[in-house]
Every structure is written in structure tokens, then in C-alpha cells.
Amino acid sequence: MSQTAASTSAKGQGSRPGLGRLLLEGRAFFALILIVAVFSFLSPNYFTLSNFLTMASHVAIYGILALGMLLVILNGGIDLSVGSVLALSGCVAGFLMGGVTLQVAGVILYPPVWAIVILTLVVGGLVGALNGVLIAWFRVPAFVATLGVMYVARGVALLMTNGLTYNNLSGHADLGNTGFEWLGFNRLFGVPISVLILAALAIVTALVLGRSAFGRWLYASGGNARAAELSGVPVKRVQITVYTVSGILSAIAGLVLSSQLTSAGPTAGTTYELTAIAAVVIGGAALTGGRGTVQGTMLGAFVIGFLSDGLVIIGVSSYWQTVFTGTVIVLAVLLNSIQYKARGRQG
């Protein structure tokens, strides 16, 4: 064999994905299969359609938050405020469901559910936009800006409720504000509405990232913001947009969670920001930005959700659940580091 032919053969062999690379790049999928297999063996109640649908409705909360977090991480940032925005959004919805008193007119207004949803999404979007403006225009580091907004949003929720919980959010037919529980309890073709909302949002996000100019701008600015700006990418606009969208998605998650619980409290969503980050990282996204997919993030969300629910089903202490979740996050970051270092060497 000639030297050229040998070189070509070696390149061809090197380009073929080996078993190790296959396992590394598909780790979220294989982890999900392993989790389902193990818990199905440990509990006869795990591998049932009703249980999968119930677990999927729990995953929907994490998944919606993770979609917003994915956009932020692709941009090279981080959003620690999503859990607090979720709580604040739920409290805003609970406040509006209870009626808005107009002291001057001496009347109490009960907004319809559709108006409550829109107003709540506006609140979430404004909080997200605040994050984006602080980071893009005032150059506040994303960690610091979102950490501060996290405390502010949680504090506002506590002030609104005086530390209490809004209960009985099902509304009253005579007041015209019923239907809020539809998000949390209704099903379409046997599938929970929350799961369908997650699926719709995931599809839209994937299309935006893969087939729009904004998606190309996002990957470019996350990979190298300075180079992207010199290439004409509106980096600041992209930053503000991703944080605004993250806030809106957090508000949607807050509405879904409040609907499922038919109550809203200021302590809801505590540590959910860490769960969202974990889902994105487990799905293979790089915390340095510019690399990640919607498919991977969804797999990461299901890995965390199915693992948590499986531990509950077999009776594992909640303290051990925290340990397992933390271990999974560290392992995911380690595997991401190995994966991207290997790609760098190949490049």
C-alpha cells in the first residue's frame, strides 16, 4: 500500500465514530434508558404508561425552564433568577385570581384567565429584560446580575404575599375567572397539557435555533462575542432577547406549576435554577457558550425528572436525592469537558 493510500485509510478510520465516542456523545440518551431499566426492575409501578405521563408532567416544569436556560448558556451567560421568576409569576397570577381592588371606584375586578396569563408573561418578560439590560448595556457579569435579580424577584413575591400562599386558584364561575386549573389537570388525547406545552415550546426553540438568523447570531455570539460583533451580529440585542425569553419561559413554568398545585407561594421554584442548568449541561451544552441543542436539553430534563421520581417511588430519602442530583451534575460537566477537549484535539 502506498503512503498516500495508507494516510487516507488512517483518516477514514479516525473519522469513524468509535464505541467510546458514541457513548460519550449519546450519554444523555443512554443514561435515560439506564434509569428507566433500573427503576423498572426495582419497582413494578415504574414502567407503566400512567406513571410515565405523570413523570412527564413533572418534567415539563424543568424542561420549560431548561429551554430558557439553554438560550442563555448558548449565549455564554447564566440565569440564576429563573426559579425566583417562576415563584413571582405564580404569585402575580394568584394575586390577580383573587381580584384587584380599585379603592377609588370601590369595586373589585376579577380578570379573565387569558388576561391573567398575558399579564403574568409580561411580568416574567420584564424581569428577564432587566437581566439582559444589566448584562448587555451596563456590563454587569451575568452571574452577579441574575443573582441580584433572583433575590429581588423572590423578595417581591414575599412582600406580595406576606410570606403566605395563594390557595384555591380554581376561580369562581359567577366571577368569570375559572379555567386556571386547565393547564395543570387537563389532557388532550390522554397527554397532559403541560407536556404538550413543553413539546410545542421545544419544537419552536429548535426551529429558531436551526433555521433562523437569530439562531445563527446566538451561536456566533456565544462562541466568540467580539468576532460576532465585528461580523455585524447585534450582540447586545441577542443578549437582551435571550434573557427576556428566559423570563417569559420561567413565567410559563410558574403558571403551569401553580395550575398543577392550584396554589402559588413565594417559596416555589427554590433551587429550580440549578435543575435547569443541570438539564442543559447533561444534554451536552458547553457552559462557555456556543454549543448545545434542544434535543440534548430535553433528554437532560427527562434524565433528572425520571431519576428524581424514580428515587421517590422506591422510597429513597430526599437528602439522598440531592446527593444523586449533585453527582449527576458534576459527572455531566466532567464528561462535557472530556468531549470538547477531544473535539479540540481532532480539530
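**Exercises on side-chain contacts and a helix**

K236 lies over the face of W137, 5.4 Å from the ring centre (a charge counts as over a ring if NZ of Lys or CZ of Arg is within 6 Å of the ring centre and within 35 degrees of the ring normal). The model is predicted, so local features need pLDDT of at least 70 and side-chain atom pairs count only at pLDDT 80 or more, while totals for chains, interfaces and linings use all residues. Residues are numbered from 1 along each chain as its sequence is written, and side-chain values use heavy atoms, with hydrogens and water left out.

**Exercise 1.** Determine which residue forms a salt bridge with R226, and where the two residues lie.

*Solution.* Step 1: a salt bridge is a side-chain nitrogen of Lys or Arg within 4 Å of a carboxyl oxygen of Asp or Glu. The count by this rule is 1 salt bridge.
Step 1: the partner of R226 is E229, with the closest N and O atoms 3.8 Å apart.
Step 2: both residues belong to helix α11 (residues 225-230), where a spacing of 3 residues separates them by about one helical turn. Helices are DSSP runs of H or I with at least four residues, numbered from the N terminus.
Step 3: R226 is exposed at 56% relative accessibility, and E229 is partly exposed at 38% (buried means under 20% relative accessible area, exposed over 50%, partly exposed in between, with a 1.4 Å probe and protein chains only).

**Exercise 2.** Classify the ring pair of Y46 and F52, then that of F52 and F306.

*Solution.* Step 1: rings of Phe, Tyr and Trp (its six-membered ring) pair if their centres lie within 6.5 Å; planes under 30 degrees apart count as stacked, over 60 as edge-to-face and the rest as tilted. This rule gives 8 aromatic pairs.
Step 1: Y46 and F52 have ring centres 6.0 Å apart and planes at 85°, so their pair is edge-to-face. Y46 is buried, at 0% relative accessibility.
Step 2: F52 and F306 are stacked, at 5.8 Å between centres and 10° between planes. Because F52 lies in helix α4 (residues 49-74) and F306 in helix α14 (residues 294-313), this pair ties together parts 254 residues apart in sequence. F306 is buried, at 7%.
Step 3: ring pairs link F39, Y46, F47, F52, F302 and F306 into a cluster.
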